[in-house]
Amino acid sequence: MTNIFACIDGSPAMTAMCDAAAWASTNTGLPVTLLHALEKNEFEGQADLSGNIGLGSREQLLKELAELDHQRSRLAHEQGRILLNSGKEYLADLGMPVVDTLQRHGQLVETTQELSSGMRMLIMGKQGTTHAHELIGRNIESVIRTLSNPIMVVQPGFQTPSRFLFAYDASPTAKKVLELIASSPLLKGLECELVMVGEPSDEHERQLAQAKQVLKSAGIRVEAMLLQGEVVPMVCQHAADMGCNRRCFPNRCSLNGTN
């Protein structure tokens, strides 16, 4: 796994994704590849050929629609190329003169899966251009379920994080994330809020203490706390209370650009 991939789609989070990629590259020493997935539904028109259309007329209509789809495909490809070059120029201004760009035809989920063997981290915007009014973009959940690679989710207004929260539940996946955090240079120098949500018990205290020791041994400053209540509300509220601008869950990292 050698590259940090940042998905570029022209959404409002595009600049934030580039900022996050630059930060991740600086901390890890890994190169950045800007990725644009050219999904077919972005340029392919939908034709309704129902009704009483003569055979000759229908063949002519199909020919015109095919030509229109070709035009749309060419324009979408050019737009993607412009977006990638824009991102590359932006990163160059940040002091990153060597940035690869990659444009692929196909669905984002399948594209990232094909590239996963060379992917150290994937950076995505919280919402894409086609899902700007939703809480999160529809592609995020599908990509998270498909990939085993670390994924960073960003929103507009990225700022370099100084403190992160790790929601730990002692599951096999959480233990794997714990090892990744301890071994990666990405979070070195940041303060860690290690939290577990559950009822007070000797077992939970033991699991929390073990995780804390792993992080401390890796040179990470860490504070551990056992919280009670519903997992998601408690974790998000604690992150806000402690001023954490990064949250780590199993197989997902979220960067909050508003903190």
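Among contacts in the chain between residues at least 6 apart in sequence, what percentage join residues at least 24 apart? The value is 76%, where contact means heavy atoms within 4.5 Å. The model is predicted, so local features need pLDDT of at least 70 and side-chain atom pairs count only at pLDDT 80 or more, whereas totals for chains, interfaces and linings use all residues. Residues are numbered from 1 along each chain as its sequence is written, and side-chain values use heavy atoms, with hydrogens and water left out.

The chain has seven helices and 10 strands; these are DSSP runs numbered from the N terminus, helices being H or I of at least four residues and strands E of at least two. Of its 259 residues, 43% count as buried. Buried means under 20% relative accessible area, exposed means over 50%, and partly exposed lies in between, with a 1.4 Å probe and protein chains only.

Two aromatic pairs are present in the structure. Rings of Phe, Tyr and Trp (its six-membered ring) pair if their centres lie within 6.5 Å; planes under 30 degrees apart count as stacked, over 60 as edge-to-face and the rest as tilted. The ring centres of Trp23 and Phe158 are 6.4 Å apart and their planes stand at 50°, so this pair is tilted. It links distant parts of the chain, since Trp23 belongs to helix α1 (residues 14–28) and Phe158 to the loop between β5 (151–154) and β6 (163–167), 135 residues apart. Trp23 has 7% relative accessibility and therefore counts as buried; Phe158, at 14%, also counts as buried. In the pair of Phe166 and Tyr168, the centres are 5.7 Å apart and the planes are at 65°, so the arrangement is edge-to-face. Phe166 and Tyr168 are both buried.

The helix packing can be followed next. Helix α3 (residues 108–115) and helix α4 (residues 138–146) pack at about 30° with axes 9 Å apart. Axes are lines fitted to C-alpha atoms, for helices over the stretch in contact, and angles run from 0 to 180 degrees between N-to-C directions. The two helices α3 and α4 are therefore roughly parallel to each other, a class for angles under 35 degrees, with over 145 roughly antiparallel, 65 to 115 roughly perpendicular and the rest oblique. Leu108, Val109, Thr112 and Gln113 of α3 make the contact with Asn139, Ser142, Val143 and Thr146 of α4. By class, this contact has three nonpolar, five polar and no charged residues; Ala, Val, Leu, Ile, Met, Phe, Trp, Tyr, Cys and Pro count as nonpolar, Asp, Glu, Lys and Arg as charged, and the others, Gly among them, as polar.

Thr111 also lies in helix α3, and at 3% relative accessibility it counts as buried. Leaving aside neighbours within four places in sequence, Thr111 is in contact with Leu35, Ala37, Arg104, His105 and Gly106.

Helix α5 (residues 172–183) and helix α6 (residues 202–217) have axes that come within 8 Å and cross at roughly 20°. Helices α5 and α6 are therefore roughly parallel to each other. Here Leu178, Ile181 and Ala182 in α5 meet Ala211, Val214 and Leu215 in α6, and the contact comprises six nonpolar, no polar and no charged residues.

Lys88 is found in helix α2 (residues 55–93) and, at 34% relative accessibility, counts as partly exposed. Not counting residues up to four places away in sequence, Lys88 touches Leu34, Val99 and Thr101.
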